[in-house]
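Here is a short briefing on how the parts of one structure pack together. Look at the sequence and the model before reading the points below.

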Amino acid sequence: MEIFVQLLLNGVSLGMGYALAGVGFVLIYKATGVFNFSHGQLTMVGGYFFYLFQVQIGLPPWWAVPMALVSMFAVGMTVERLCLRRMVGEPVIAILMLTIGLGGFLRNMVGLIWGTQPQAPIPLFEPGFFELAGVQVPRVYGWTLLTASVTILIFILYFQKSPHGVAMRAVAFDQDKAALSGISVSRVFALSWGVASVMAGISGILMMQLMGLDLSMDSRGLSAFPAAILGGIDSIGGVILGGLVIGIVEALTGGYIDSYLGGGAKEVVGFVILLLILMVRPYGIFGTPEIRKV
Amino acid sequence: MKMEIFRNYRVSYLEDRAILPSLINFWPRCWFAAAVIALLLLPLPLEQYWVYTINFGLIAVIGALGLNLLTGYAGQISLAHASFLALGAYTTALLGRFDLPLLVVIPAAGMVAASVGCLVAGPTLRLRGLYLALATLAFYVIIDFAIRKADFLTGGAAGTHVAPPTIFGKIVQGELPFYYMTLGIAAVSVLFVKNLERSKVGRAMMAVRDSDIAAEMAGIPIFLTKLTAFGISSFMAGVAGSLLAYYLQFINPDNFGLSVSVSYVAMIIVGGLGTVIGSVLGALFIVLLPEVVRVALHAAASVFPGLNVAASGAFVEGAAYGLIIILFLMFKPEGLARFWRDILTYFRSWPFTY
């Protein structure tokens, strides 16, 4: 039972991470129609920006975190302006490949600037443990979960209530009509990339609290795809649920099945679910059905 | 018949249906013959290392032709190409244990890859675009996992040794014999795809790519066409994987990582989607790119002694690679094939601009 609670908790925090990453995907996909394969790399860049401001420049955390996020916003806007804006209306494979190329570029630039040396976690939260259902839980987990939930909540409020959010939703709904009603579609595109990059930056900083920084961080972005598809690629609520489900399933698989197979099943189970979902209900649980029978 | 220097019209149906239609003229024929001779003589003056690299390029040409058939002609995105290469390679390693000759092993490797390719295609063919890409990505992850776990067949993560290829009882070894073997297979692949391009199957693929609804209305069996494309594409990937296994002599799952899939997609995009010459140029370009960057980096290091080539070389290569993909997609979406066509047009219509 204790192991189960432990695994569940691991799963929930992993799932929150996926949800946080997934919200970024979904935002970009909804507003601009681009599925961003470079989200994992953006997460990594966010973590390294924080490292730059906190350790290399030596700012206090309440400066380092906002600085890192502002830089991420700038990175996202720049990427959109320089690369993606030219690609509107191009075939899916071209856009997909562009984001893959972008991911490779970002990853190698990080390697070039910060080197291959792994960095230890930089604690932002107080160390120690608290007890939950008879299990000692590191405080970091609790704080990470809380921060992720609050971030997602703020994002949802922003997306639902603020003028920017309304403009984003309008563009997501119908680009032409949004443009006709006076919304600058290109600004919304840039803003979506900026906000999604900030979300990626937050998840990068949180991930760093748990595992430290190194160049393999970007591969975790890949594991967030099943979460995004499970919930429905254009549904914010769906992606949060999908993230939690995938996170818990992965943690349980890691706990109970990996020992028989000698490890590795944890990373695969998400993709097995992805495949099943794609065969049965490609638009996910809450996504908009896109019916085209040929 | 009067000898003509140049004509760009056809005088018979046979000429109209030719695989290489421009060869009706005298000079193109001469150039073509010169190119063939140059390809045959190319490795002789080169250093061994460059022949070694070019061999990888030729293997990539075969794989890229396969992927271009699937993505460029039939319009189906696949991120699982590396899996099919891996299947071909591991089949080769497995059959090599029984001392089978090359002429049996390579087709067998292709067939194994093709049958798995059709299996993969079955459930995923309802999907399109992004969803298809993600489904093939999922298949890639699962096949990679299976290869790592099936120790008794594949040697697991540690890898396995591959017996050297034998043909008519002789062992093919060394860069030079391998060059000619790979060149031969690549040439056959080029002719095969060129031929497919003008056949019923090839035209059906292009129709499905351009508009599946219109293709269905025209009576083209969509499912069968997509399945054929997947089958042929993975067959060619299997052949390329088999050659790769023979050439590397030792394979492990890291030889077939996701970056391999990505690099094949990069080849056909940089080369030009839906063109044979694009697959060839793109494959050679992507394989030779790291070498060129490395040479340039060493040249730069001799000018700026502060540059640490050992530490940053791999990252500069990677960044250049990513950047080139981005730049090609943004500014030259038709790829190197377009360059090639422009050059040919320039010479053909000289002294006029077009």
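The largest nonpolar core of this predicted model has 194 residues. Those that touch the most other members are A19(A), V23(A), L274(A), V61(B), L85(B), L134(B) and I269(B).

- L134(B) touches F225(A), I229(A), L274(A) and L278(A), leaving aside residues up to four places away in sequence.

**Where chain A meets chain B**
- On the chain A side 33 residues are in contact with 36 residues of chain B.
- Three elements of chain A, α4 (92-114), α9 (219-231) and α12 (265-280), each supply at least two residues of the side that touches chain B.
- The largest share of that side of chain A comes from α4(A), with 15 residues.
- By class, the residues on the side of chain A that touches chain B are 26 nonpolar, five polar and two charged.

**A helix pair in chain A**
- Two packed helices are described by the angle between their axes and the distance between the axes.
- For α2 (residues 39-56) and α8 (residues 185-211) of chain A, the axes come within 7 Å and cross at roughly 65°.
- The crossing in which α2(A) passes α8(A) is right-handed.
- From α2(A), the residues making the contact include H39(A), L42(A), G46(A), G47(A) and F50(A).
- From α8(A), they include S197(A), A200(A), G201(A), G204(A) and M208(A).
- The contact of α2(A) with α8(A) has eight nonpolar and eight polar residues, and no charged ones.

Conventions
Residues are numbered from 1 along each chain as its sequence is written. Chains are lettered from A and ligands numbered from 1 in the order in which they are written. This is a predicted model: local features need pLDDT of at least 70, side-chain atom pairs count only at pLDDT 80 or more; totals for chains, interfaces and linings use all residues. Two residues are in contact if their C-beta atoms, placed from the backbone, lie within 7 Å. Helices (H or I, at least four residues) and strands (E, at least two) are DSSP runs, numbered from the N terminus. Ala, Val, Leu, Ile, Met, Phe, Trp, Tyr, Cys and Pro count as nonpolar, Asp, Glu, Lys and Arg as charged, and the others, Gly among them, as polar. Axes are lines fitted to C-alpha atoms, for helices over the stretch in contact, and angles run from 0 to 180 degrees between N-to-C directions. A crossing is left-handed if the near helix is turned anticlockwise from the far one by less than a right angle, and right-handed if clockwise. A nonpolar core is a set of buried Ala, Val, Leu, Ile, Met, Phe, Trp, Tyr and Cys residues joined through C-beta atoms within 7 Å. A residue is buried if 20 or more other C-beta atoms lie within 10 Å of its own, exposed if 12 or fewer, and partly exposed in between; C-beta atoms are placed from the backbone.
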